Structures are given as C-alpha cells and as structure tokens.
Amino acid sequence: MKTDSLIESLSKENIPVRRAMHPMIAFGGWLAFITAYIAAYLGFIELRPDLESKLSNNEYLWEIGACLATIIGAAFAASRHAYPDLAMKKYLWIYPVIPLHLFLILILMQVTRAINMGEFDMAHGMECAMAMCMLTILPVTGLYIVLLRGFFIDAAHASFFAALAAVMTAYLSLRLGEATDNVSHIFIWHTVPLIILVIVLTYAGKRLLRKRS
Amino acid sequence: MIVRQQKSATIIYMSEPSLEELMVKTQEGCQRSYQRLLEESSLLARTYVSRRLSNQSEVEDIVQEVLLAIHKAKHTYHPDRPYKPWLYALAHYKLSDHLRSAYKRGKTGSLDDTVLNTVADETVTFGDLVGEQIDDAFAELNERQKEILIKTKLEGKSIRETASELGMSESAVKVAVHRAIHKLKKTFGSGEAQ
C-alpha cells in the first residue's frame with residue numbers, strides 16, 4: 001500500500017478520541033490508591049506494636065525511606081512509559097534506581113553484620129513470601145491499567161518499573177505490619193522473594209505489553 | 001490569523017496551523033486536519049528514518065508503521081507538550097523494532113550497490129548490521145579477488161598501480177574487479193550472506 005493512500009484511509013477513519021489522562025494524574029491516582037491500599041492492609045493486620053520505638057531507629061527509617069522513594073520513583077517512571085514522548089526522557093531510570101541501590105546496600109550491610117556476628121539463621125517460614133506475592137497483585141494491576149491505556153514504546157523498562165513499584169509496595173506493607181527485625185528472616189523471606197518477583201513480573205509484563213503494542 | 005488595517009483595505013494574513021494545533025483538531029475528530037497532520041508527519045518521519053537506513057523500500061515501510069502508530073497512539077498526545085518529540089519517539093520505536101527483527105532474521109532484505117557505497121556514512125547500529133553482511137559476502141571471494149578489491153576500492157589505487165603491484169595485466173585486474181563485484185551483488189541478491 002502506498003503511503004498516500006494509507007494517509008487517506010487513516011484520515012477517513014478519524015473519529016473524536018478521548019485524550020489519555022495527564023501523566024501526573026495517572027501517577028497521583030496510583031499513589032492515592034496505594035496509600036489507601038497500604039492503610040487498609042495495616043488496618044486489617046494492625047501496625048507493628050513496636051512502631052513508635054522503631055521510628056527512632058535510624059537504620060529502620062533509612063530502609064523504609066529508601067523503599068518509599070523507590071516506590072515513588074518507579075511508579076513515576078512506569079506511568080511516564082504510557083506516553084511515547086515522556087518515555088524517551090533521558091535519566092528517567094535514575095528516579096527509582098538510586099533509592100533502590102541505597103535500599104539494597106542497607107540490606108546487604110545488615111546481612112553482612114549478621115553473618116559476622118553469627119546471627120544468620122536460615123530456619124524461617126514461607127508465609128511472608130506468599131504475602132509478598134498476594135500484596136503485589138493489586139498494585140501491579142493498577143500500573144498495568146495505566147500503561148495499557150496509553151501507548152508504550154519500551155515494554156521492557158515499563159514492565160520493570162511497574163514490577164519494582166508494586167513489589168516494593170508489598171515489601172513496605174509487610175515491614176510496617178510485621179513485628180520482626182530478624183535479618184535472616186528479612187533477607188530470605190522478604191528481600192529474596194522481592195528480587196525474584198521483580199524478575200518474574202518484568203519478564204511476564206514485557207511479554208504482555210509487547211503483545212498489546 | 002493576523003489582521004492589519006491599512007488605509008483603504010483590511011489585509012488578513014492566515015498563518016499556517018502548527019502541528020500541535022492540527023493534533024488537537026485531530027483528537028476532536030477533524031479529518032482534514034488529520035490528513036494534513038499525517039502528511040506533515042510522514043515527511044518528518046521519512047527524513048528521520050532515511051538518515052539512519054539507506055534501503056528506500058524499508059524506509060517507506062517504517063514510515064507507514066509510524067503513521068499507523070500515530071493512529072493508535074493519538075490519544076496519548078497532550079497539547080501542553082510539543083508534537084515533534086512525540087512523533088520522533090514513535091519513529092525511533094518503529095525503527096528500533098525494525099532493526100531488532102532484522103537482527104533476529106540476520107538480514108535486512110536485498111542490498112544493492114548504494115548500500116555498499118553509503119555504509120561508511122551510516123550510524124553505528126545500521127553499520128554493524130550491514131557490516132556483518134559485507135563480511136559474509138567478502139568471505140565468498142577468493143584471496144586474489146579480495147586483494148584486488150581492497151586495493152582498488154578501499155585503498156583507492158588505480159588499476160595500473162594495482163596491476164604493477166600484483167604483477168598482473170591491467171585488463172586482468174579489470175576483469176577480476178568486475179567478477180568480484182558481480183559475485184558480491186549475487187551474494188547479496190540471493191541472500192547467501194545470511
């Protein structure tokens with residue numbers, strides 16, 4: 001088909017379209033949903049009883065802060081991937097990747113310290129990993145709805161950022177609700193599932209988005 | 001529209017609508033604006049793609065892909081942002097997609113003399129792609145043909161210089177060059193370079 005005839009046939013098909021929501025509204029809407037979601041979860045299982053004392057612990061505060069910054073940065077980057085021109089912005093990946101590195105460094109520091117002190121214990125339950133999976137479902141669905149309503153040109157990065165924001169939301173919810181700071185538990189049943197979930201969801205999301213593009 | 005009152009007449013200057021204005025009207029359902037927008041966009045996309053790809057039929061295919069992407073993605077454009085970055089993002093995406101699938105297939109379609117002549121001016125991505133095919137096609141030549149082709153076409157030596165360096169007659173060098181180029185063309189054309 002010649003380009004001129006393609007232009008003619010496309011222009012004949014033109015009908016009014018509803019503009020996709022503004023990227024900041026999409027991002028803000030997801031954040032509001034996540035805030036309500038975490039609040040509902042914590043209302044259901046209750047906040048950890050020692051939260052007040054934990055808030056004076058710098059290490060815990062840094063961990064929660066880095067986690068929160070990663071969620072916000074990743075959701076911001078993911079929501080921008082629904083718009084072709086915004087997805088092309090340079091340095092978009094910096095927003096989630098810097099706090100994510102800080103978060104991983106904090107976790108590794110804790111693990112190294114625990115190993116050196118002989119406190120690293122592998123015997124723990126599976127419930128937290130399962131809870132991570134369950135808590136990820138709604139946030140990741142929310143971000144995919146934002147992405148699928150737009151037009152993505154970089155499925156791999158879009159799915160990575162969406163997966164990262166959603167899984168970190170699950171991690172944050174558990175850390176605010178569960179009254180344990182055992183390093184081996186946090187590492188094996190929270191951090192490792194977090195990494196696996198991000199990899200699996202990124203791969204699955206990339207395939208899903210590519211099919212839809 | 002600019003209106004200027006002069007002594008006896010009112011002169012009206014109609015300014016061209018910008019791409020952003022055309023897109024806003026397109027989103028409202030105006031078919032005329034959409035046609036105009038697609039025409040302008042195809043020109044921009046063609047320029048963008050042809051600077052990175054020399055095969056004209058493939059350029060045209062990608063331009064058409066870009067137009068279809070505009071059709072699918074037009075709801076994601078916001079009037080508070082410029083139109084061109086939005087368009088170039090789509091063109092970049094379609095071009096990358098095309099090169100990715102070309103890499104997977106291990107070819108870019110038929111290549112002609114123009115590709116051989118322009119490969120040095122192409123961008124890194126496309127250069128690698130064509131470079132692989134040239135390497136493959138070059139491997140089909142015998143040592144003498146390769147040597148003659150390198151001396152005459154790459155080092156820029158004359159037929160006479162090449163002939164005296166290799167201890168051959170000028171006509172033998174000419175025949176060898178002709179046969180080597182013919183073999184390269186045949187290799188590209190039949191897809192043996194894959």
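Author: Let's start with Arg113(A), which is partly exposed at 39% relative accessibility. Buried means under 20% relative accessible area, exposed means over 50%, and partly exposed lies in between (1.4 Å probe, protein chains only). This is a predicted model, where local features need pLDDT of at least 70 and side-chain atom pairs pLDDT 80 or more, while totals for chains, interfaces and linings use all residues. Residues are numbered from 1 along each chain as its sequence is written, chains are lettered from A and ligands numbered from 1 in written order, and side-chain values use heavy atoms, leaving out hydrogens and water.

Reader: Which side chain meets Arg113(A) in a salt bridge?

Author: A salt bridge is a Lys or Arg side-chain nitrogen within 4 Å of an Asp or Glu carboxyl oxygen. Here the partner is Glu59(A), at 2.9 Å, N to O. The pair ties together distant parts of the chain, 54 residues apart: Glu59(A) sits in helix α4 (residues 58-80) and Arg113(A) in helix α6 (residues 94-116). Helices are DSSP runs of H or I, at least four residues, numbered from the N terminus. Glu59(A) is partly exposed too, at 27%.

Reader: How many salt bridges are there over all chains?

Author: The whole-structure search finds 13.

Reader: Is Arg175(A) buried or exposed?

Author: Buried, at 4% relative accessibility. Arg175(A) bridges to Asp181(A), with the closest N and O atoms 3.2 Å apart. Shared partners join both into one network with Arg48(A), Asp50(A), Lys54(A) and Glu63(A). Within that group, Arg48(A) and Asp50(A) meet at 2.8 Å, N to O; Arg48(A) is buried at 2%, whereas Asp50(A) is partly exposed at 26%.

Note on methods: Helices (H or I, at least four residues) and strands (E, at least two) are DSSP runs, numbered from the N terminus.
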